[in-house]
Structures are given as C-alpha cells and as structure tokens.
Amino acid sequence: MPHILIVEDETIIRSALRRLLERNQYQVSEAGSVQEAQERFSIPTFDLIVSDLRLPGAPGTELIKLGQGTPVLIMTSYASLRSAVDSMKMGAVDYIAKPFDHDEMLQAVARILRDRQTATSQSSETTNGKVTAAKAGASNSNGEIGIIGSCPPMQDLYVKIRKVAPTDSNVLIQGESGTGKELVARALHNLSRRAKAPMISVNCAAIPESLIESELFGHEKGAFTGASAGRAGLVEAADGGTLFLDEIGELPLEAQARLLRVLQEGEIRRVGSVQSQKVDVRLIAATHRDLKSLAKIGQFREDLYYRLHVIALKLPPLRERGADVNEIANAFLARQSARINRTDLKFAPDAEQAIRHYAWPGNVRELENAVERAVILSESPEISADLLGIDIELSDLDDEEFIGLAPQQGGAANNTSHEPTEDLSLEDYFQHFVLEHQDHMTETELARKLGVSRKCLWERRQRLGIPRRKTGATSES
C-alpha cells in the first residue's frame, strides 16, 4: 500500500485530504509544517509527498530536497501561476489548485505513483541490462507526445494516445478548430511502428473540390485537361506511413467513396486509370463537425463514418483546460521572445488573469497569435492584457486567480461560533464558511478570506446552491 505524507497547516484541508486518500486505499501520515514533518518522519521513506506551497516557516518546496527523490505534489491557492511553475522547475512533479476536485486529486496521485513505479522498475531493469528503448520512454510524462498541458482531460488523452499509437487502427480526432488536432495526429504517428515512414497531412477544406480526387489519389496522363503527365497522389506518398486528413467533413461524397475503398481493400486507383495498386496506409482523420449528424442528412457517407470511428479521441477546448492555458501561453511567450532575442518579457498580473478567464473561441491558435502580436508590439518588459487584445472585463476578478482555501489569519474567519468538524469535506467547509459569514461580510471580503476570485465565489454559489442574503449584508460600492 503506497504511503503518502500530507504537509498542510490548515487542519480542515489536511483532514479532508487524509480521509479522501484513506478511502482510496492509501496509507497516510500528516504534518502541519516542514519542520514538524522532519521531526516526526523519515521523509525519504514515503512514496509521495502532497504539500501546500506556503507553510509556516519553510515553504513546501523544501520537501523536494528533503525527500531525496520522493515525488512532491504541490498544492496552491495563491494567484501566481509563476510560483507553481517555479516549484516544478525546482523539482516538484506537479501542482494542483485548491479547493481541488476529488477526482482530479485522485487522478494526479495515481498518475504520479504509477510513473514512479514505472521509473523504479526501469531502473532495476537497467541494472540488469534488460531495459528497452520503448520502456525507457514510457515514464516521460507527456514529453514524447509533444503536447503542453496536464489537466485531467489531457491526461486521459495522453493515456489513450499511448494505447492507440502502436496499433494500425483508424483514428478520428474530434475537437473545435485550433485545439491542436494535428499535434495529436503527429503524436500518434511518432509513437507508432510507422514513425520512420512519412506522415502526410492534408487539409481537405483547403483543396478545391475539382482537384481533391487527383490530389489524394493521383492521376494518369490525359485524365483531364491539363494532365500532361501522370502523377502520384498523397495517399501513395503516405505508403508505409500515416495519412492525416484534417477537416474530413469537407471531403466531397465522390472522394469519400474512393477513400472508403482504400480503407476496405487497401488499394487505390488513380484518376483515369483502370489499374488498382496496393497501399499500406494508416488513416487518421480530424474534424470539428459532427460527422454522425452529417451522415444522417446525407452529407457524409455513413459507411465511411463507421470505418473512421474505430477509435475516437476528443480534444477539449482551451476554455475547459484550466491552468493549462497559462502554461501554454508561457511556452508561446518563450518561443516568440527567442525569435526576437528578448529575455526580459513576462506577463503582467492583469494579463495572466485575462489569459486564464478569457473563453478563447479560437483556442490554441488564437492564443498563439495573441502572444505573438503582444511580443512584437511590446515596448516594456511586462505584457499587459490590453496588449494581448483580450476582450474581457477584469473588474470583477480578484487578485487570487487560483481557486483555493487560503490560510485564515485573524478577523472573523478565526472567530467562528462553530469549530469545523472532522467530517467536513472541502465543499462542506466552503458552504459552512459562506453561510456563517455572508451576513456581515461583503462578497469581496468572503472571496478574499476563502482565497478565491469573486467570479469563482459566484460560480461555486451557483453549483452548490448557496443563495446570497441581501438583508443584513454590508453593501458594496
């Protein structure tokens, strides 16, 4: 049974987390500070350390050194993403925002322990001279996949990519425009047995309908006006490798029939030819459209849809990826800064909040364009929200960007008439605190005491069904 150490100075959070982990078959020990953990336990003997970032005395990052290789998962309820990223640069294996979703915490713990076990077994095999190149890359998180992001939906996607990539099954990647569907296709190719063969990418929406068949399947000399010589198509070019058809929903019905033959028979026939030839191609398709609905109205072949839909991978939009958006933005900032030889650029606090809370209808593509534009136009080291061109109202966003239960210091928070009980979950505590104090605290004060933004407080009120009491509450300007 894995043994986990929790280091958290807030009793209610520490107790709730301990019960959550113990219910899921983990052995748990706890401490309120780094010093207490040192005095009570041999820190390197644990399988995982889950620690708050800000603690009395030494910060949680001190446990990275004291753990001597034990993975450390940092919890934070504070506004600066940079502090969480800096923790990872210091050696933390991951970070998670408070109050965390229970499933999110359990997924993170399970993944970290699984990766540690894999790394340990590989180290043992290396000692015995038995490690293989394939196994050596298995524990590299999403490094070999080449996609930035660690939110739960993306972690699930990485797992599926690793399972699907070694097979020759057709894959349909679904997601909004700009979410990175081609990156997923590239990862599937790179992790497959076809990695040394070509991957041919085709945007079906970018080729005129009159040329799509000859482009995909090739043509013979004289097949149509202007065909002065025979030419191989893109399917032939992908022989032995992977064919990626982006926006396959735009493919004309006649071309769909030809593609179906490739999938069913493994052969193609050039336009104007009577001879068929065999091809060995793995097909990966992508679309932002609902192919099943298109099939019902006759705009997409139903038999082709079912041929494509062997494995379906769903890419979440950027607005549903939480803190991933800031991580991706910082990666774009580093890349664009390097292009113009600047090392001083960083996002201002209002820019970080705007990036996190904007809906990004154009997804990753829109984010990349916004960062590139801001880097080019920036005249000072700090990039503001205005420079990013993000159309979002920031007046209702508190400085605390990360949702979290901040340590309560003084004031009404420590003078409650009820001591929180051992049985309170994090959401129980949130509800308990709001109902206890909303008669004499403004929404801004409540949010600040809980370590959340006003927007997050409002969202959690809606989700938990906590009404605002207008009578007796202090008015806000």
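An open sheet of five strands, in the order β2-β1-β3-β4-β5, is paired in the parallel sense; two strands are taken to pair if DSSP finds at least two bridges between them. Its edge strands, β2 and β5 (94-97), each pair on one side only. Neighbouring strands of this sheet are turned by 20 degrees against each other on average, direction ignored. Angles run from 0 to 180 degrees between N-to-C directions, and the axes are lines fitted to C-alpha atoms, for helices over the stretch in contact. Helices (H or I, at least four residues) and strands (E, at least two) are DSSP runs, numbered from the N terminus.

The structure is a predicted model, in which local features require pLDDT of at least 70 and side-chain atom pairs count only at pLDDT 80 or more, while totals for chains, interfaces and linings use all residues. Residues are numbered from 1 along each chain as its sequence is written, and side-chain values use heavy atoms, with hydrogens and water left out.

Within this sheet, strand β4 (residues 72-76) is joined to β5 by four bridges in the parallel sense, and Leu73 has Asp94 of β5 as its bridge partner. Helix α1 packs on the sheet, where it touches β1, β2, β3 and β4; contact means heavy atoms within 4.5 Å. The direction of α1 makes about 170 degrees with that of β2.

Strand β1 (residues 3-7) is largely enclosed by the rest of the structure, because five of its five residues are buried. Buried means under 20% relative accessible area, exposed over 50%, and partly exposed in between (1.4 Å probe, protein chains only). In a regular strand the side chains alternate between the two faces of the sheet. Both faces of β1 are covered: His3, Leu5 and Val7 are buried on one side, and Ile4 and Ile6 on the other. β1 runs parallel to strand β2 (residues 27-31), to which five bridges join it; Val7 has Ala31 of β2 as its bridge partner. Four bridges join β1 to strand β3 (residues 48-52), again in a parallel arrangement, and Ile4 stands opposite Leu48 of β3. Together, β1, helix α1 (residues 11-23) and β2 make a right-handed β-α-β unit. A crossover is right-handed if, with the strands pointing away from the viewer, the path from the first strand over the helix to the second runs clockwise.

Another open sheet consists of five strands in the order β7-β8-β11-β6-β12, with parallel pairing. Its edge strands are β7 (199-203) and β12 (311-314), each of which pairs on one side only. Five bridges in the parallel sense pair β7 with strand β8 (residues 242-246), and Phe244 in β8 is the bridge partner of Ser201.

Helix α8 (residues 181-190) lies across β6 (171-174), β7, β8, β11 (282-287) and β12, and runs at about 150 degrees to β6. The buried residues of α8 are Lys181, Val184, Ala185, Ala187, Leu188 and His189. These buried residues pack against α7 (152-164) as well as β6, β7, β8, β11 and β12.

Two loop residues were also examined. His219 lies in the loop between α9 (212-217) and α10 (234-237), and is buried, with a relative accessible area of 8%. When residues up to four places away in sequence are not counted, the residues touched by His219 include Ser214, Phe224, Arg231 and Arg270. Gly298, in the loop between α12 (291-296) and α13 (302-308), counts as partly exposed because its relative accessibility is 43%. Gly298 and Leu253 are 45 residues apart in sequence and 9.2 Å apart in space, C-alpha to C-alpha.

A search of the whole structure finds three aromatic pairs. Rings of Phe, Tyr and Trp (its six-membered ring) pair if their centres lie within 6.5 Å; planes under 30 degrees apart count as stacked, over 60 as edge-to-face and the rest as tilted. One of the pairs is that of Phe41 and Phe46, which is edge-to-face at 5.6 Å centre to centre, with 85 degrees between the planes; both residues are buried. Tyr358 and Trp360 also form an edge-to-face pair, at 4.6 Å centre to centre and 80 degrees between the planes, and both are buried.

The secondary structure of the protein chain comes to 20 helices and 14 strands. Of its 477 residues, 48% count as buried.
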